[in-house]
Amino acid sequence: MTFGNNVNTMPKIPDTFCPAKWDEIYINLDYNFVYSCCKATPVTVNSNISETLKNQKTNLLSGIMDPSCNYCWDIEEKGHTSRRARYLKKFNEDGNIEEYLNDKSPSLVEINLGNECNFQCMYCNPKFSSQWYADVLKKPYALFNSKFNYSIPIKEKVSKDDKFNLVKDYSINAKRIDLIGGEPFLSKRFFELLELISSKEISVTTNLSCSKEQLDKFFQICKKFDRVEFHFSLDATGNIAEFARQGLNFSNFDSNLKYTLDNAPDNFYFQIKSLMTSLTILDLENFRNYVLQFLNGKVKWYLFHCTQPEFQSFSTLKDEFKESVIKILTELESNPNIVYADVVKSAVISSSFNKTLYNQLKIFVNEFAVRKNITIPFEL
């Protein structure tokens, strides 16, 4: 499809334009949804992937703030630098708007390998965790319904071969392929898939619960790529980390992280990706001290904040904790190896404590602890 008319002069870049809507595509065939940019709202595929996203692209080129991009619009409205703004800064250095008018092929393609996972993170849901799927199927939680995206999703009948062919086809033109889950290392054909990818770069997001033998095999296969981004999901330390990410053994994570940083090939780069909820952020001081020891030019720390389920957002963070949290986030803002600390700080500052949501949080946390027969590591 083509946007606009062919003209001799360079078209004006609309104020609402974002290259990520074209450059990135995220596909989950298990549940038949797709989105462009990791922060965009997923939508159900209608006829084909390209047609499903066509209207969103048209809006951005027409000066319309498409609602699928609300994550960035909200950040910009608060006066902070969004992912879109960072993307545009790089685009303005060497980008060509005419490529986007003709609907260029994505340079980054993310494929969800399925929801098979050995963790049940508090803020996750059945679409991304088989542990959540089994738990909710056995008995619904008091608060969990379609409003909170904890209903049992209906899987599409897509063969594993079709998924592999999709990755193989996209990797011919894409600069980078991203693999997520679930937990990718649990996929029975994970290593086979790595062998098929022809892109020069890949990214894998993991909870790092795999064995060191699996890591060694991963390192060996990935020597063929120009660049490998290895992303680790972790949001706190010790008991709070293990409670928030049920199934995590923090000591094992720590051991695997250090092993990875010591043994990965030189083409590896690393990100610690953390989702701050009203509970995990209570451990921010300890977590900061833990993460800082690893940061350097090849190891970055990305901070994000939870918006759904809303009872785990900063709307349930008590005012008494805000001052210390804001102070730490202010310190982190100046570190060049830490990304989006300013955005998380803005979310904390602008949040207002909501007693109704806080009562929902207490109901959920208590039920979660009883069902898992675990001790709650903080006071509610």
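Analyst: Rings of Phe, Tyr and Trp count as a pair if their centres lie within 6.5 Å. The model shown here is predicted, and a search of the whole structure finds 34 aromatic pairs.

User: How is a pair of aromatic rings described?

Analyst: A ring pair is described by the distance of the centres and the angle of the planes. Tyr290 and Phe294 are edge-to-face, with 5.1 Å centre to centre and 75° between the planes. By contrast, Tyr302 and Phe304 are stacked, at 6.3 Å and 25°.

User: Are Tyr290 and Phe294 buried or exposed?

Analyst: Buried means under 20% relative accessible area. Tyr290 has 9% relative accessibility and therefore counts as buried; Phe294, at 8%, is buried as well. Phe304 is buried too, with a relative accessible area of 12%.

User: Which residues do ring pairs link into a cluster?

Analyst: The cluster consists of Phe185, Phe190, Phe191, Phe218, Phe219, Phe230, Phe232, Phe268 and Phe270.

User: Which residue lies over the face of Tyr269, at 3.9 Å from the ring centre?

Analyst: That residue is Arg227. Lys298 also lies over the face of Tyr269, at 4.7 Å from the ring centre.

User: At what angle do helix α9 and helix α11 pack?

Analyst: Helix α9 (residues 212-221) packs against helix α11 (residues 250-263) at about 30°, and their axes are 11 Å apart. Angles under 35 degrees count as roughly parallel, so α9 and α11 are roughly parallel to each other. The crossing of α9 past α11 is right-handed. Phe219 is one of the α9 residues that make the contact, and the α11 residues include Tyr259.

Note on methods: Residues are numbered from 1 along each chain as its sequence is written. This is a predicted model: local features need pLDDT of at least 70, side-chain atom pairs count only at pLDDT 80 or more; totals for chains, interfaces and linings use all residues. Side-chain values use heavy atoms; hydrogens and water are left out. Rings of Phe, Tyr and Trp (its six-membered ring) pair if their centres lie within 6.5 Å; planes under 30 degrees apart count as stacked, over 60 as edge-to-face and the rest as tilted. Buried means under 20% relative accessible area, exposed over 50%, partly exposed in between (1.4 Å probe, protein chains only). A charge sits over a ring if NZ of Lys or CZ of Arg is within 6 Å of the ring centre and within 35 degrees of the ring normal. Axes are lines fitted to C-alpha atoms, for helices over the stretch in contact, and angles run from 0 to 180 degrees between N-to-C directions. Helices (H or I, at least four residues) and strands (E, at least two) are DSSP runs, numbered from the N terminus. Angles under 35 degrees count as roughly parallel, over 145 as roughly antiparallel, 65 to 115 as roughly perpendicular and the rest as oblique. A crossing is left-handed if the near helix is turned anticlockwise from the far one by less than a right angle, and right-handed if clockwise. Contact means heavy atoms within 4.5 Å.
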